[in-house]
Amino acid sequence: TTMPHWHPTNTSLSELHLTGIPGLQHLHHWISIPFCIMYLLTLAGNCTLLCVIKADPSLHLPMFLFLSMLAVIDLVMSTSITPKMLGTFWFHSTAISLDACLTQMYFVHASSAMESGVLVAMAFDRYVAICNPLRYLSILTSPVVASIGLAALLRAVAFMSPLTFQIRCLPLCHPPVVDHSYCEHMAVLKLACGDTAFSNTYSLSISTYVCSFDPLLIALSYGLILRAVLSLSSPQARKKAFSTCGSHLCIMALFYIPGLLSMYMEKYHQELPPHIQVLLADVYLLIPPAFNPLIYGIRTKQILDGARRVISWRKLIGIGPGLQGTELG
């Protein structure tokens, strides 16, 4: 659908329009198929993971509490953009109110920063589990795990609140068309006709900090883990330790590599076609939430065992009253 022509005004706009993927509007229906599948995988996988961890007391350990946090963040991040994106692709529903747009932007970027913090916590969890196994539960007590989760949340809120408030205060006087499939910060900022120097500098600083400092802490944790693993005399113990960390490294690669590519391509390759930048940003937000539970479910034996126990328990509950006592006995 073609957008009507707007003339610049000096007042802030109350409604914006998302273009979807610029230049590929004729392919929106086809692009929506993998996006919809990834969203359904995200909902099914993360909800199943949360249910299994909640239902099985043997999974109430720090590692799985961090995994639960990751699942909740993934659900929030994916749900904040995908339904509106699919509405744009399927029904040409491009309009979004400014308040809804800023809310979406806040949740997307805050969730992304929080996920990064939880990934750092998970790397620390693996370091303690492998390098200090006897003190694991005494170091990572429930209050400590809750405090780490709260710290990740507060850091995300502190980082992302100024960005949203700054845009809210700027007059948006360009044609109200956001050349993106969701309200990405830099795409919305292009509509501002005020001074955007603070927002540009702050956004780049925060992105660089999160995408550099957090992976550095993760690399340090895994460097110490590698040193500890290589010193193990038993090949079986080494294999088990590598297997435990493998799923974490897969998830971290899925999260940081597209994020770094998206950020630096937008900054240093302005000639890159807009649809490539938008698709990369979409993939960065849609793939990790869809594949995180699959990677953990397949690679983590405790999750598979927990799922089997929960399914067996539910089958027992479903048995008739006359047989239930005998079966349980």
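Good morning, colleagues. Please keep in mind throughout that the model is predicted.

I begin with the cysteines. How many disulfides does the model hold? The count comes to one disulfide. The partners are Cys101 and Cys183, with sulfur atoms 2.0 Å apart. Cys101 sits in helix α3, residues 98-131, whereas Cys183 belongs to the loop between β3 (177-178) and α6 (185-189), so the bond ties together parts that are 82 residues apart in sequence. As for its geometry, the torsion about the S-S bond is -120°, and the link of Cys101 and Cys183 is left-handed. Both of these cysteines are buried.

Cys169, at 67%, is exposed.

I turn now to helix α5, which runs over residues 142-169 and has 28 residues. From its first C-alpha to its last it reaches 41 Å, close to the 40 Å expected at 1.5 Å a residue. Where does this helix kink? A kink of about 30° lies at Met160, shortly before the proline Pro162.

Which residues of α5 are buried? Among them are Val145, Gly149, Ala152, Arg155, Ala156 and Phe159, and the list also includes Met160, at which the kink lies. In an α-helix, residues three or four places apart point the same way, because there are 3.6 residues a turn. The buried residues of α5 pack against α2 (62-91), α3, α6 and α7 (197-230).

Ser203 is found in helix α7. Is Ser203 buried or exposed? Its relative accessibility is 11%, and the cut-off for buried is under 20%, so Ser203 counts as buried. Leaving aside neighbours within four places in sequence, Ser203 is in contact with Leu163, His185 and Met186.

Finally, I come to the record. An unreviewed UniProt entry annotates "transmembrane region" over several spans, including residues 64-86 and 136-158. In the model, residues 64-86 are 100% helix and 0% strand, and their end C-alpha atoms lie 32 Å apart. Residues 136-158 are 91% helix and 0% strand, with the end C-alpha atoms 30 Å apart.

Thank you for your attention.

Methods
Residues numbered from 1 in each chain as written. Predicted model: local features only at pLDDT ≥ 70, side-chain atom pairs only at ≥ 80, totals over all residues. Heavy atoms only, no water. Disulfide = S-S within 2.5 Å. Helix = DSSP H or I, 4+ residues; strand = E, 2+ residues; numbered from the N terminus. Buried < 20%, exposed > 50% of the residue type's maximum accessible area, 1.4 Å probe, protein only. Expected span 1.5 Å × (residues − 1). Bend = angle between axes of the 7 residues up to and from the residue. Contact = heavy atoms within 4.5 Å. UniProt positions renumbered as here; feature names shortened; annotations may be inferred.
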